[in-house]
Amino acid sequence: METQSRTISLVLYGGDPTGIMRLEDPAWASGRLFCAPRGLSEDLLETGACKTSGVYLLVSQRRALVGRSSKLLVSLARHMVEMPWWDRLVVLTTDDDSLDDADVDYLQSALIREAMASGAIAEAEEGTVRNSLGSARKKLLDQYIDGALLLMQLVGIRTFRSKGAGRGASASANDSDVGERLAFGTRTKRLAIDYARGHGFAIGKNVNYAKLGEGKSVCWINPYVSYLSLEWHVILNNTQDRELIVMRVPAGSLHVRKGAQSGLLVRADNPSKLDLHIGVDDLVDHRSGVDFSPFFVGRVAY
């Protein structure tokens, strides 16, 4: 049987196969993959891996965080302290710095979907997702992702769906399973956030989530009043139409009602929290009358 051969270039920094490595594949155009165990992640930065635009991945067997490689220099120390779960760092970039911001956003979203399709928990570091890429550029980036998946298999990273596993069919099967859990499960906030991120929404750290109850038309949410001075996201789980509704509220956009002024209401038993009853059809808070539709970002079916 005729088979296709390919040559992979592997550089072992320090000559140790368990240490920092760089992989390149002539069939992968200008792509480069850097990889290091957690204990050598700071040393990986000294290789110049983050000098060109790309993405970084913090991975364990069943979890991944995807972020911009340009942010890794300032965020790695925090990740070392706040995220004990990851054991390997991967940086995906190019040798000609050919990835722009929109490319990187596309790669982040696509890699999150690939991780979720394998059953892993995946999320993106906070950032802005753009959707301005043409079909030709997306095709090139999909080829880049296929090359990255192949090399990650080669170094033993199984967090992402393997190249050639069938994106459409596997993703549909995985989405179907997640959909059942979102519709009928309990404690689904983290699942909803991961699902929204995996479908291209840049969800920040401050998130409120509510699930529509049976026979109801509004979601009850009690964010802290302090959120009004921050950028925060609201995710409504419309179980009747099986969709997530995503909203982003910029800092300072809303305020608490004072006297005769319009504004949001607080809970009578806990004034440090807001009392919101947001309709899934009109996106209006039925307690205060405040319209949340200007903050609407999008919907994702499940």
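These legends describe close-up views of a predicted model.

**Figure 1. The whole protein chain in overview.**
The model is predicted. The protein chain has 302 residues, and 48% of them count as buried. Its secondary structure comes to six helices and 13 strands. Along the principal axes, the C-alpha trace spans about 70 × 40 × 35 Å. The structure also holds 15 salt bridges.

**Figure 2. Strand β5 and its two pairing partners.**
Strand β5 covers residues 63-68. This strand is mostly covered, with five of its six residues buried. β5 pairs with strand β4, residues 55-59, in the antiparallel sense. Five bridges make up that pairing. β5 also pairs with strand β7, residues 121-124. Here the sense is parallel, and there are four bridges.

**Figure 3. The hairpin of β4 and β5.**
β4 and β5 form a hairpin. Three residues lie between the two strands. The strands run in the antiparallel sense.

**Figure 4. The contact of β5 with β7.**
V66 marks this pairing: it stands opposite A124 in β7. The two strands, β5 and β7, pair in the parallel sense.

**Figure 5. The salt bridge of R32 and E24.**
The side chains of R32 and E24 meet at 2.9 Å, N to O. Are the two partners buried or exposed? R32 is partly exposed, with a relative accessible area of 25%. E24 has 19% relative accessibility and counts as buried. The cut-off for buried is under 20%, so the value of 19% for E24 falls on the buried side.

**Figure 6. The salt bridge of D269 and R267.**
D269 and R267 meet through their side chains in a salt bridge. The N to O distance is 2.7 Å. D269 is exposed, at 58% relative accessible area. R267 is partly exposed, at 24%.

**Figure 7. The salt bridge of R287 and D275.**
Which side chain meets that of R287 in a salt bridge? The partner is D275, at 3.0 Å, N to O. R287 lies in the loop between β12 and β13, and D275 in the loop between β11, residues 243-249, and β12, so the pair ties together parts that are twelve residues apart in sequence. R287 is partly exposed, with a relative accessible area of 36%. D275 counts as buried, at 15% relative accessibility.

**Figure 8. A network of salt bridges.**
R63, E123, R190, D194 and R197 belong to one network. Salt bridges that share partners join these residues.

**Figure 9. A patch of negative charge.**
Four residues gather on the surface: D241, D281, D282 and D291. Together they make a patch of negative charge. Where does D282 lie? D282 is in the loop between β12, residues 276-279, and β13, residues 296-301. D282 is partly exposed, with a relative accessible area of 37%. A patch takes residues with over 30% relative accessible area, so D282 at 37% passes that cut-off.

**Figure 10. P271 in its loop.**
P271 lies in the loop between β11 and β12. P271 counts as exposed, at 57% relative accessibility. The cut-off for exposed is over 50%, so P271 at 57% qualifies. How many residues separate P271 and S229 in sequence? They are 42 residues apart. In space, P271 and S229 are 16 Å apart, C-alpha to C-alpha.

**Figure 11. R88 and G215.**
R88 lies in strand β6, residues 88-94. R88 counts as partly exposed, at 21% relative accessibility. R88 and G215 are 127 residues apart in sequence. Their C-alpha atoms are 46 Å apart in space.

**Figure 12. S9 and G119.**
S9 has its place in strand β1, residues 9-12. S9 counts as partly exposed, at 34% relative accessibility. Along the chain, S9 and G119 are 110 residues apart. A distance of 30 Å separates their C-alpha atoms.

Notes
Residues are numbered from 1 along each chain as its sequence is written. This is a predicted model: local features need pLDDT of at least 70, side-chain atom pairs count only at pLDDT 80 or more; totals for chains, interfaces and linings use all residues. Side-chain values use heavy atoms; hydrogens and water are left out. Buried means under 20% relative accessible area, exposed over 50%, partly exposed in between (1.4 Å probe, protein chains only). Two strands pair if DSSP finds at least two bridges between them. Patches are made of residues with over 30% relative accessible area and no salt bridge: like charges are joined within 9 Å, nonpolar side chains (Val, Leu, Ile, Met, Phe, Trp, Tyr) within 5 Å. Accessible areas come from the Shrake-Rupley method with a 1.4 Å probe; for residues, only the protein chains shown count as cover. Lys and Arg count as positive and Asp and Glu as negative; His and the chain ends are not counted. The place of a charge is taken as NZ of Lys, CZ of Arg, CG of Asp or CD of Glu.
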